[in-house]
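Here is my note on the model you sent.

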Amino acid sequence: MDLQLTGKVALVTGGARGIGRGIALTLAGEGAKVAIDFASRADAAAEVVRKIEAGGGEAVAFQADVGRYAEVDRMVGDVLKRFGRIDILVNNAGIVSRKPILEIPLEEWDRVVRTNLYGCFHCSRLVGRHMVARGGGGKIVSISSIHGRVAKANLGPYCATKAAIEMFSKQLAVELAPHRINVNAVASGTIITEINLPLYQSAKPEDVEKRTAVLHRVPWREIGQPEDIGRAVAFLASDAARYITGAVLYVDGGYTADGTPRLPSGAQVP
Ligand code: NDP
């Protein structure tokens with residue numbers, strides 16, 4: 001792709017691992033300079049920086065918990081000091097909790113909402129203010145999930161925050177359109193990252209059964225890679241998507257399109 005991102009500055013939250021890493025590498029591959037936010041894994045962030053530099057790109061790692069406004073404020077200031085501007089913000093940092101709504105401890109509910117939803121709000125507000133003040137537009141892309149639209153048992157706060165991110169994104173798109181700032185969301189399907197790698201590498205019969213069930217639920221019959229999300233983000237971060245704002249782009253191998261019941265064999269019920 002030549003999306004003409006050369007010279008653009010991108011900030012990717014949670015950019016050191018998993019999908020965020022794939023997004024950071026894809027944007028760097030398109031010529032963007034990348035600020036990589038991480039929460040705790042400085043080692044992983046340093047590895048991404050090294051990989052981008054080895055490919056002739058420019059990247060710097062910055063620590064900040066996106067759920068804490070003061071930390072995001074400090075980080076955005078540091079990124080601006082280092083690069084002078086931010087053209088692209090990718091709200092990727094996110095966590096999951098797997099407990100029923102009636103049982104989840106209140107602190108755990110708070111942690112998911114704080115990271116996923118407040119994180120998106122904190123970063124969008126502070127970077128959005130910078131984009132408006134400097135003029136010339138900008139791009140904000142937030143990573144949602146198929147589970148912002150389709151419920152999954154025991155993922156209560158996760159699903160609720162992802163649905164909220166999508167509406168937040170539409171709202172911000174409307175407010176920032178006069179400033180030519182595009183705001184969109186990418187709703188990701190199941191992607192192989194550290195969260196689920198053990199399941200996909202395991203030879204245990206019960207794990208093989210689980211991943212077969214996941215694969216049969218996806219019409220494309222493949223689990224996605226971080227770069228699949230990276231390429232969708234790079235498109236939305238480019239002027240090829242000039243007139244796209246307030247949209248939710250599903251990158252899920254057809255998961256949310258398909259309501260077909262399937263037998264345990266994977267065959268569809270006629
Ligand atoms: P990982 O667990 O592999 O990575 C999560 C990343 O988020 C890490 O880089 C982590 O930083 C960062 N992070 C977590 N909490 C914070 C915080 N408070 N402040 C800053 N950074 C934080 O997850 P994925 O790559 O799988 O997920 C990335 C995004 O994609 C999430 O928003 C997730 O909901 C979404 N998604 C993932 C899917 C999947 O199948 N994997 C499917 C649909 C959506 P650190 O390394 O420093 O801990």
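1. Domains. The domain bounds used here come from an automatic or database domain assignment. The model is predicted. In the protein chain, that assignment gives domain 1 (9-189 + 225-251) and domain 2 (195-223). Taken over C-alpha atoms, the centres of domain 1 and domain 2 are separated by 27 Å.

2. The largest pocket. Its volume is about 1300 Å³. The lining counts 44 residues, and G94, V96, Y158, T193 and I195 are the closest to the centre of this pocket. Seen by element, two or more lining residues come from each of α1 (18-29), β2 (33-38), α4 (106-134), β5 (138-145), α5 (156-176), α6 (197-201) and α7 (205-217). By class, the lining has 19 nonpolar, 15 polar and 10 charged residues.

3. Where does the largest pocket lie relative to domain 1 and domain 2? Domain 1 (9-189 + 225-251) gives residues to the lining, and domain 2 (195-223) does too, so the largest pocket lies between them.

4. The second largest pocket. The volume here is about 450 Å³. It is lined by 24 residues, of which K139, R180, N182, D239 and R242 are the closest to its centre. The elements giving two or more residues to this lining are β5 and β6 (181-188). Nine of the lining residues are nonpolar, seven polar and eight charged.

5. The cavity. How many cavities of 30 Å³ or more are there? The count comes to one. The volume of the largest cavity is about 60 Å³. Its lining is made of T13, V66, N91, N92, A93, T115, N116, G119, C120, I143, K162 and I165. Two or more of these residues come from α4, and likewise from α5. The element that gives the most is α4, with four residues. By class, five lining residues of the largest cavity are nonpolar, six polar and one charged.

6. S142. This residue sits in strand β5. Is S142 buried or exposed? S142 counts as buried, because its relative accessibility is 2% and the cut-off for buried is under 20%. The side chain of S142 makes a polar contact of 3.1 Å with the side chain of N91. Leaving out residues up to four places away in sequence, S142 touches N91, C120, I165, N184, A185 and V186. Among the residues that line the largest cavity are N91, C120 and I165.

7. V183. Strand β6 holds this residue. V183 is buried, at a relative accessible area of 1%. K139 itself is one of the residues closest to the centre of the second largest pocket.

8. V218. Look for this one in the loop between α7 and α8 (226-236). V218 is buried, with a relative accessible area of 5%. Which residues does V218 contact, leaving aside its neighbours within four places in sequence? V218 is in contact with D252, G253 and Y255. V218 and P205 are 13 residues apart in sequence, and their C-alpha atoms are 20 Å apart in space.

9. Backbone angles to check by eye. Q4 is not a glycine, although its phi is positive, at about 55 degrees. Q4 lies in the segment before β1 (9-12). With 61% relative accessibility, Q4 counts as exposed. N154 also has a positive phi, near 75 degrees, and is a residue other than glycine. N154 is in the loop between β5 and α5. N154 is partly exposed, at a relative accessible area of 39%.

Note on methods: Residues numbered from 1 in each chain as written. Predicted model: local features only at pLDDT ≥ 70, side-chain atom pairs only at ≥ 80, totals over all residues. Heavy atoms only, no water. 1 Å grid on protein atoms, 1.4 Å probe; cavity = no way out; pocket = protein on both sides within 12 Å on 5 of 7 lines; lining within 4 Å. Points joined across faces, edges and corners; volume = space filled by probe spheres on them. Nonpolar A, V, L, I, M, F, W, Y, C, P; charged D, E, K, R; others polar. Buried < 20%, exposed > 50% of the residue type's maximum accessible area, 1.4 Å probe, protein only. Polar contact = N/O pair within 3.5 Å; in protein donor to acceptor, adjacent residues only side chain to side chain. Contact = heavy atoms within 4.5 Å.
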